[in-house]
Amino acid sequence: MSEDLLLSVENLSVALPPGGDRGFAVEEVSLTVRRNEIVCLVGESGSGKSITAHAVLRLLPPNVAVASGAIRFAGADIAAAPEDTMRSLRGGAISMIFQEPLSALNPLARVGDQIAEAILMHARPRTSRAERATRVLELIAAVGLPDPSTLARSYPFQLSGGQRQRIMIAMAMANNPALLLADEPTTALDVTTQKQILTLIRQLQAERGMGVLFITHDFGVVADIADRVVVMRNGRVVEQGTVDEVLRAPKDAYTKALIAAVPGTRPASTASRGITGEPLLSAQGLNKTFVTRQGLFRPPRRVQALRDVALSLRPRETVAVVGESGSGKSTLGRIIMRLIEPDNGTVDFDGVNFLGLRGAQLRAARRKVQIVFQDPFAALDPRQKVGEAIARGPMAYGVPASEAMADAKRLLARVGLKDSAAGRYPHEFSGGQRQRICIARALALKPMVLVADEAVSALDVSVQAHILALLAELREEMNLAMLFITHDLRVAAEIADRIVVMRYGEIVEHGETQSVFRSPRHAYTSALLDAIPGRRLFAGPGAAASANVMIA
Amino acid sequence: MSIIALDAKGGRGVAVVLAIAGWLAKFVAVVLVIATFNFVLVHAAPGDPAQVIAGQSGSADAKLLSQLRAEYGLDKPYPVQLATYLKRILTLDLGFSYRQQRPVLSLLLERLPATLLLTGTAFLLALLVGVVLGTLAGVRAGTWSDTLFTVLSLLLYAMPVFWLGLMLVLLFSVKLEWLPAFGYVTIGVEMTPLQHIRDIASHLLLPAVSLAAVYLAIYARLMRSSVIEVTHQDFIKTARAKGLKQPRIIARHILRNAILPVVTVAGMQAGALVGGAVVIETVFAWPGLGRLTYDAVLQRDYPVMLGVFLAMSIIVIVLNLVTDAIYRLIDPRVSLRAAS
Amino acid sequence: MDTLKAFLRHPTGMIGLVILVAVVALAATAPALFPDDPWDMIGAPFQPPLSEGLWLGSDMLGRDVAAGIAYGARVSLLIGVASTLAAVFVGVVIGAIAGYFGGRVDEVMMRVTELFQTIPGFILAILLVTTLGPTLTNVIVAIGAVSWPPLARLTRAEFLRLRGREFVQAAVCQGQPPFAVVLRHILPNAISPIIVTGSLTIATAILIESALSFMGLGDPNLMSWGFMIGASRTVMRQAWWMSVFPGIAILLTVLAINLVGEGLNDTLNPRIARRVRTA
């Protein structure tokens, strides 16, 4: 049993520099990873999951250090080991891969050279350059990339996100590690790519009998790959056990809340919302090509973002526009908001040719369609008080300042913030709170349509659930039609009446949420559905009331 | 899953050709603009343009003035004059210096090598030493040597270039008598080629260091902050996670990435550096274009002043070409993105 | 204000401010401290420093070096500030137009700016002063004409960056007219780097002015530090104090401005603190 034990973290505490909002990033954390198993370390931001993994290889930031506890690898306590020992472990017996593959690779070096460097650091006896080159090609092939010799000579910017992450994995496998630390390696990837990378990691783990410590915030991913689960919150472990134990019968309230917060698990109401009538918003034949000039002598680069796209939205209806990166969904949202102009096409809104409006007329019409952006940190002016940010909208339409301010305060209360919030600056609020403020700002103008451009994508899962619930309430109260842009089909399942699937600037499928999920018509839609993490564990829309039915 | 097919060599070849074409276009544009500007200036100067061209000597005789008027077409409409002027420039006829009784072009060509030597040396000195010092400071950020570095670079940065030159002369030539104070070579002494080179080098040292000092401080501080910033990036963590030692991380990962903004700024500062050569050449009696400028200013010799302006601008463009080439060498993204 | 308090706590910024205040005080009180015209020959020539009545010595014509430095402070500060204001005005307007409108307008403006940066600025300044005549106004114009490109570049970069930011787009969606968006959202967020670069431009302007006067191209009626150094070049070996003190004056003033500029930079644009990843 003990030879099986690769990693044992015992009562680990990692101290933060003084003066922060808490003293420890990680407090009294204990967990184990055995050979030939995948342990998922789950938590939201601030849980300390990433720091725990970094502590194993002593890759902590400068002012952060292990305060107490032990980290045993193959029996020996490496928390106290000399730097030389750590260096021989890093990339050797223990490897680590990170979240953002573009920034995790040296942009100015060929990827083949970067993999070869990993081999060079650890190979004993010394290898020749030719031997390393051969090994690099083997590794690139082993992670499922075709044409290894061309790829080895490429630079990171020439590869896609999925390809880069495979290269990172190849680098990590170079010296046949016994333990792999994976810090959210699929969070920054498209959902179909995520599925491929998860499959790859599982395959490599099984082939080599590695122990894997996989960090994630997504319980769907946990359901797909974990053997055991460790749940962390605010630096402490709140629950751990086998994946069956934790997912079927969670003991801790926080774990239960986290599992419940996974979108798409709450049984969708099958009662019809009674959406009828003529479309409020109707777009036809939208085309948009982005042209970037490349200097005097080169032809400009053309990227077609939208190709003959049509969309309709009825009053009180919620349509989700789903797609991966490069699908054109954000461009569509911006065109509807008149932040970008299409090359051609029409948009009829509330009986008016929306695209034809200019100047004062356009400004007058703008109040009817409002937007909530993805990044709550960038969407608020850091130098403007929150109450004023909300009140400026109505004031631009003639509402006197005092009345607008009073309305702003009421809205802030409605979205769950205190009255006093109006006098504070954005940096004093958390991500979820800022998103609430942005929603209040959008609703201050009492629009008919709300465009939510990945409005919950940058939020923690539990916060996400609250915001989705808030939006669901508000749309009923205010009779809002919503255009919900997202990459996550689970979120779409939860909130949308109809789903539109986009790829490479085109609409590949659209229909009622239920029918898209039950009987997708296009192969891409099927691929997207298949790629939903934890799908076999969690129910799709319209499923039975019990959310924890495991379809093994 | 698609693979971006690349023909690495071919791609970069295309990019180099395009870069050179772009540079040539810029070159021609600058020459034309400066020529036009010179033209405007001659006519904006108070007094008779013919007088201005003759060098405002006041004593030019009427015959010379009418000759000039005919030659430069000064009684014709402006567009025609400008066209004539531009044509002359393109045929390398830069006018005649009546003060020095020589064609401007030959004056420029005579003085060009000295200025090239001075500005080239100063540029390379500032860049290389600045990068090295900045890297050392950056990896030792927060230590006392870093603080010392910051203090010294702040002082250097605040010094007027000519004053630094004078102070260096005071110290090294007058007090210590280690280095010569003026000129390019020691005259009147027979020397072998090797001794000749050493002689020039000893004359070059103080002027080049004075000119380089300010820019050295700028590049060093920029390199330092660039190194600090790069050190915090994710790929450095990846390098550590592979088990690399710090020296290798600095040499192979940090250096290349950190130097890019410094190269960019060096290109942007080339104009200021070349301008500074004017003052340094004056202080050290260095026989280059800058010194020529000073004399021409004193004598109000317009054709020479304008010629020097053109020549110095060309030196700046050449320096820009050098920095652009260095940048492309280090960063493959520029050329390869262009070719894709 | 928060930023003011933060600045007062910034060590190097405060050192710079103290020195700068001293220089300004010297300039302001020059007529009181040295009632005679600095061009007046009030003593024997070539007196070394700490001679009777001549703290910093006298020059080859018997003029008081200390008086020259005090009056020179007025000239340097005046020219430095005036030419920077001109450069800021031109640079910010050009940069703002280029950054806000983008497209063709941006391209044209940027070509012009690039051109001005390719031309050796100092030589252009020399040409302008020589052509237009060495008066105070012309010197200010010449230095301003040479100093605006970096400000234009910076303003353009800021405007481009902010124009694409979601909070600016949100303001547009809220129905605010373009002028209000620029004034209320873009400008306040762009102003800090402009202030910092502007203050550093004052330093470069003073250096350019001193170089121009050194070469004899300044206003001949104004006693300036550069002029003092230039005039004493030939007698440097015998009378080092005539070159050294004005140079130190320039050094201290420019250093002080740079320190204040850095202090402003740190307080106005607090770098996004490298927050420890606690996730």
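1. A crossing of two helices is called left-handed if the near helix is turned anticlockwise from the far one by less than a right angle, and right-handed if it is turned clockwise. By that convention, H3(C) and H10(C) form a right-handed crossing. The model is a predicted one, in which local features need pLDDT of at least 70 and side-chain atom pairs count only at pLDDT 80 or more, while totals for chains, interfaces and linings use all residues. Residues are numbered from 1 along each chain as its sequence is written, with chains lettered from A and ligands numbered from 1 in the order in which they are written.

2. The two helices of this pair are H3 (residues 65-101) and H10 (residues 241-268) of chain C, whose axes come within 11 Å and cross at roughly 35 degrees; axes are lines fitted to C-alpha atoms, for helices over the stretch in contact, and angles run from 0 to 180 degrees between N-to-C directions. H3(C) contributes Val65(C), Ile69(C), Gly72(C) and Ser76(C) to the contact, and H10(C) contributes Trp241(C), Met242(C), Phe245(C), Pro246(C), Ala249(C) and Thr253(C), where contact means that C-beta atoms, placed from the backbone, lie within 7 Å. By class, this contact has seven nonpolar, three polar and no charged residues, with Ala, Val, Leu, Ile, Met, Phe, Trp, Tyr, Cys and Pro counted as nonpolar, Asp, Glu, Lys and Arg as charged, and the others, Gly among them, as polar.

3. Chain C as a whole has ten helices and zero strands, helices (H or I, at least four residues) and strands (E, at least two) being DSSP runs numbered from the N terminus. Its C-alpha atoms fill a box of roughly 75 × 50 × 30 Å along the principal axes. Of the 279 residues in chain C, 52% are buried; a residue is buried if 20 or more other C-beta atoms lie within 10 Å of its own, exposed if 12 or fewer, and partly exposed in between, with C-beta atoms placed from the backbone.

4. Chain A has 20 helices and 20 strands. Its radius of gyration, taken over C-alpha atoms, is 25 Å, close to the 24 Å that the globule rule gives for 552 residues, so chain A is as compact as a globular protein of that length; the rule is 2.2 Å times the number of residues to the power 0.38. Buried residues account for 50% of chain A.

5. The largest nonpolar core has 194 residues, and within it Ile115(A) and Leu213(A) touch the most other members; such a core is a set of buried Ala, Val, Leu, Ile, Met, Phe, Trp, Tyr and Cys residues joined through C-beta atoms within 7 Å. Apart from it lies another core, of 150 residues, with Ile315(B), Tyr71(C), Leu127(C) and Leu255(C) among them.

6. Where chain A meets chain C, the contact takes 31 residues from chain A and 18 residues from chain C. On the chain A side, helix H1 (49-56), helix H13 (359-366), strand E16 (369-372) and helix H14 (386-396) each supply at least two residues, and that side has 15 nonpolar, seven polar and nine charged residues.

7. Asn11(A), in strand E1 (residues 5-15), has a positive phi of about 50 degrees although it is not a glycine, and Asn11(A) is exposed, with 11 other C-beta atoms within 10 Å. Glu28(A), in strand E2 (residues 24-34), likewise has a positive phi, near 50 degrees, and is partly exposed, with 14 other C-beta atoms within 10 Å.

Note on methods
Two residues are in contact if their C-beta atoms, placed from the backbone, lie within 7 Å.
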